[in-house]
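I opened the notebook to go through this model piece by piece.

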Amino acid sequence: MVTVAPAPRHSATAGRDAEHHRWALLTYALLLVGAFVAFGVDSTLGVIAGALNVIFLAYFFRHLAFAISAARWAEEDLVAADVGVEAYAPPLAVLVACKNEELVVDGMISALLGLDYPRDALSLVVVDDGSTDGTAARLDAWAAAEPRLRVLHRAPDAGGGKSGALNDALAQIQAEIVVVFDADHEPERNVLRRLVRHFRDPNVGAVMGRCVVRNGVESSLASTIFIDYLSGYLVNEYGRQALFELPAYGGANCAVRTDVLRALNGWNPHTVTEDTDLTLRVLLGGRRVRYDPAAVDFEEAVLSSGRFWRQRYRWARGHQKCLRDYWRTALRSPHLRLAEKIETLMFLWVYHIPVLCGLGLLITALRGFGIGGPAAIDILPLSTLLFAGPFAELSVGLLLGRVERRAAWLLVGFIPAFGLSILTATAAYFDGMWGRRYSWAKTARSGATSVRPAAPAPVGPAPVSFARRALPAGVPKGESR
Amino acid sequence: MTANPIAPSPAPSVSDLLRRALRRDRFRVHGAARRRRAVVLEIVGATLWCLVGFAVLITGARHLEVWLSSRALDLLGETRISGALGDAFLIFGPGQDPLIAELTASCSALTSLLALSALAVFVLRRRPHVLGGFLVAAAWILLANQLRLILSLLAGLHLDVNALVLFHDWVGALLNFGYTLIGLLIMIALTMHSSERAEQDRSGRHTAGRPDAWARPGLGYRVENVERGRGPRIRLAAFVHRRLLPRAVSRRLAARRERGRIDYRLGHLDPAERAAAVRELAGKGLGVHTATLVAVATHETDATVLDALADAVAARQWEPVSDRQIVALRLWSRAWLMRAPAAPPAAPAGESDHEEPFVRLVAVTGAGGPAGVAVIRALRAAGHRVLALDADPDAVGLRLGDAAAVLPRADADGYGETLLDVVAAHRPDALICTVAEEYAALGAVTARLAALGCRTWLPDSDAVRTCLDKAAFAAALHAAGVPHPATATTVEQAAALPGPWIVKPAHGRGSRDVHLAWTGDELARAFVAVPGPIAQPRLAGREFTADVLVARDGTLLTCVPRWRDETKAGISVRGATFDSSAVTRVVADAVRAVGLTGPANVQGFVADPAPLVADPDAEVAVTVVELNPRFSGGLPLSLAAGADLVGTYLIGIVEPDAPLPRLSFQPGVRMARHFAEVYYGADGAPVTDPLAA
């Protein structure tokens, strides 16, 4: 099927004058006040609480369904035999965009050079996106020693963020498949073969691999994120594929068919979550996204709550914008069945749910002060729904990951993390609706757990000789040199 | 009697049948919908479990909890609270006014217990440890809810009814949330793997020490020196098995556990040991170590081990199929043996013990050339079997191998397909190419060769192109600063260089079309006579060839320089190995400059070799002339000097991740070559050598 690119709404958040939805906010406020006047505050809050409970119940069942599907099938999937991975190796280009990544770039390049793929079919392109640290010099040193590696340098003011850098690289390559990693990623050796195997199906437009946190040892926040990723990839993403065949393309450790990407005009530079944006455009263009839990790469988690806030704020801001950009198109799409449309909308709504959780907590608190009536539909206590679904996913993630028993207690750390996600998603929601300007916020790296072989010197010291020579007196016997 | 002829109804066409089948098919559930249905059934089950459980148990639960609380308060000496009402408490508060506090459904621990049990049954039931986890968690929740009830009652007793309600509804709700969460964590923790059986620690570092090929993907980041968790001091399971259970029951349970557990220890063994282990495990019965055998079929990449497994399964087809995984093993073995050729007949009984068990079958291309012959002889001397390949049906190497096949020339159509056919028929484990011009054609079929179990290790195609194009090679060496004679591609450029000149084709090999020109006229004539010519000043000094082997990561594994004291048709027939750090350094620089891996031979000149006799570290002037990305014709001398280039390269092919050793050599080993003959009839059958001893 020929991919028809749905026109992305590039009215943007990133960089240019941001779009706003202040009228919608005003309308919501007027509706609320009108309901207060017409039905009374208590009844209105009771109805809202009931509606929230219904929404939470729907998401609870969604989480539970993913947990059940992963518990049933994921473990066998992880150890299932690879079929024909060596016999299918279309031309492939690996693209990495780097901006001020000197702490991690050596480990990443080293991992890229160790990837298992036919050399003739593989090209490695790294884009230095106007770095102001030592990234460019390190990349040049690697390129000088490794003819397989191409380095592109962009001007600091080239714009477009990661999408812009990747689009520049896309223009330079001739390959059937493009695989993208981030600079802090260290892919496993076989990741390309495992990602690429799914493109045997011509209907597949993109494939997502599994990202694993490698620096959980650095902080308790990183350990929490490590478990979050286990759950996110081994349970949530797995469940979306198993039950709806709708996994998300995640921005790194993922592959896209080049002609599909070009037909879609590349990555969208006007969003800060180009991955979700591309997922939607691939799906709405009639192609499918696949997920391979056995195609693994390791990445860094953020270490401080400040960086965590900035990263999750960006994710929330971009994801919420994707909902506003694509929900109408998704509903009308001829390529999605009814169940798939519902799941797509629920997926797009994911970063709005924490906002509703905040609203639910506010209503609960008001009830503590005697404001607001009982929920119209009080199926389950709100607190249970807030936590039960995600905790079911997290538990299954820990079991599938075969993590040691002590890690269970780290789940306590998710309670403040949920609280933080309510705040970040709420801030992102109001900023996005208000139209506050926002541009790509690069995630800072630690580099402490990166395998960091220095770039090889262009000419290294040669061995003296391999000849067996008589040893001088006093030297212990062994290999001569 | 007459019979009315009945017209036979026309047979339905294929399209009709297909249409009917599809019509029926519309009502079936497919793919994701089928999986959704399975999961929805589980969710419905979980919901019913909770709702029915609640309806059936709530009355009893309320009575039980009231009874437990009142008994506990009795034991604490508090007599002003009574559970005599059954599902409510009678409290004689501060003013001695009796107060009835009903234990409602929301006060009971039943909802939390039902939620946890539903999670255990419908989500986590595949891991039996969840039962113990749930029982401990249930005990905790029951206890914690008793505490909550007692504290609420005491608040009502000592303060007033509002305090009871406030404590129960708000503080109690938080307590309820807290202890339910802790109960969940207890259940999860006890369901999870102990640190000694887990594969990663809580920060995501791999702790199981699984070899890469056998590890579950992504379970833990590999760092060195990660401490494995220590086992518990008291091993409950071991205690139960050793002290409590009858021996027969314990053995039965152990066998059951073994059937479902992958024995990762196999992955650490070398291929020979793995194959032996597979035979041994299969010999005990496919139903005993089934999981391990399935794991071998899943993860193993060595053809000899897979052959061993398939043969073992094929030999045990009488065994009852007591496990679904045995069916999987039988299907896998069927497919494996269908694509593999029949194994060579087994050695007679009594000889098998002396047979080299893991001989490789190695395909060698270019079997007619001196390099091919040298490689074939080296492989056979090491005990391997050789499939000799060449484009010339009279190539001598075809008579030196264990099997032979004739291929088209590498630049002819059908080379790749013919090679694939030959490989599919003979199933060699590895292919060694001794003709650099074949690399490009081989590169196009490596993946398909690998799919047939035939591994290759080809150098980078750019590096090969650079080596085969003498002008490009000269440019690469000049760019890297490696000493190399000035190279001209036109007569005018050549005339500017000091003569005499060597004129040779830019893409030639084996000293073909090489001309020596002393004068400008001879130079001009040579440029006309030689196809695609280049010219270089003739170098003075002593000519050498260095046999080298470069690891996949670019590490130079060996460099064996040898003098070319006498050559015939470009092949060294007399020579001697020598030691020179200057030659080794320049050769290493040349190899690095083109980015070559695998075997190669570097030819060059030492301008003033005399100092090397006394001092191998003497700084002599070395110039590199050519680099051939293949084994050399003079390879036997390097092998005789002790550098096993062929065996090491073979290991590098079949075990790409194996670390390869540095190869040292003995300097001063001399070689004098002679002719050797093989005889064969018109039909290719061997004819006895009358001179053979």
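Entry 1: I started from the record. UniProt, in an unreviewed entry, places "transmembrane region" at residues 23–41, 47–65, 345–367, 379–400 and 407–430 of chain A. I kept in mind that this is a predicted model. I then looked up two of those spans. Residues 23–41 of chain A are 95% helix and 0% strand. Their end C-alpha atoms sit 23 Å apart. Residues 47–65 of chain A are 100% helix and 0% strand, with 27 Å between the end C-alpha atoms.

Entry 2: I checked residues 103–124 of chain B and found 59% helix and 0% strand, with the end C-alpha atoms 31 Å apart. Residues 131–150 of chain B came out at 100% helix and 0% strand, and their ends are 29 Å apart.

**Entry 3: α1 of chain A.** Helix α1(A) runs over residues 22–39 and has 18 residues. From first C-alpha to last it reaches 25 Å, close to the 26 Å expected at 1.5 Å a residue. Gly40(A) follows α1(A), with a positive phi near 95 degrees.

**Entry 4: α2 of chain B.** Where does this helix bend? Helix α2(B), residues 31–75, bends by about 55 degrees at Leu57(B). I listed its buried residues next. Among them are Ala32(B), Arg35(B), Val39(B), Glu42(B) and Ala46(B). Ala61(B), Arg62(B), Glu65(B), Val66(B), Ser69(B), Ser70(B) and Leu73(B) are buried as well. I noted the general rule here: an α-helix has 3.6 residues a turn, so residues three or four places apart point the same way. What covers the buried residues of α2(B)? The cover includes α2 and α7 of chain A. From chain B it includes β1 (81–82), β2 (88–92), α3 (110–122) and α4 (129–158). Gly77(B) follows α2(B), and its phi is positive, near 90 degrees.

**Entry 5: the contact between chains A and B.** I counted 64 residues from chain A and 66 residues from chain B in the contact. On the chain A side, the elements giving two or more residues are α2 (41–79), β6 (204–213), α7 (220–244), β8 (288–299) and α13 (382–400). α2(A) gives the most, with 9 residues. By class, that side of chain A has 40 nonpolar, 10 polar and 14 charged residues.

Entry 6: I looked at Asn253(A), whose phi is positive, near 55 degrees. Asn253(A) lies in the loop between α7 and β7 (254–257) of chain A. It counts as buried because it has 27 C-beta neighbours inside 10 Å. Arg402(A) is not a glycine either, and has a positive phi of about 50 degrees. It lies in the loop between α13 and α14 (414–434) of chain A. Arg402(A) has 20 C-beta neighbours inside 10 Å, so it counts as buried.

**Entry 7: domains of chain B.** Chain B is divided into domain 1 (33–191), domain 2 (237–339), domain 3 (359–456) and domain 4 (541–672). The C-alpha centres of domains 3 and 4 of chain B lie 24 Å apart. Their contact takes 18 residues from domain 3 and 15 residues from domain 4.

Notes: Residues numbered from 1 in each chain as written. Chains lettered and ligands numbered in written order. Predicted model: local features only at pLDDT ≥ 70, side-chain atom pairs only at ≥ 80, totals over all residues. Contact = placed C-beta atoms within 7 Å. Helix = DSSP H or I, 4+ residues; strand = E, 2+ residues; numbered from the N terminus. Nonpolar A, V, L, I, M, F, W, Y, C, P; charged D, E, K, R; others polar. Bend = angle between axes of the 7 residues up to and from the residue. Buried ≥ 20, exposed ≤ 12 C-beta atoms within 10 Å, placed from the backbone. UniProt positions renumbered as here; feature names shortened; annotations may be inferred. Expected span 1.5 Å × (residues − 1). Domains from an automatic or database assignment.
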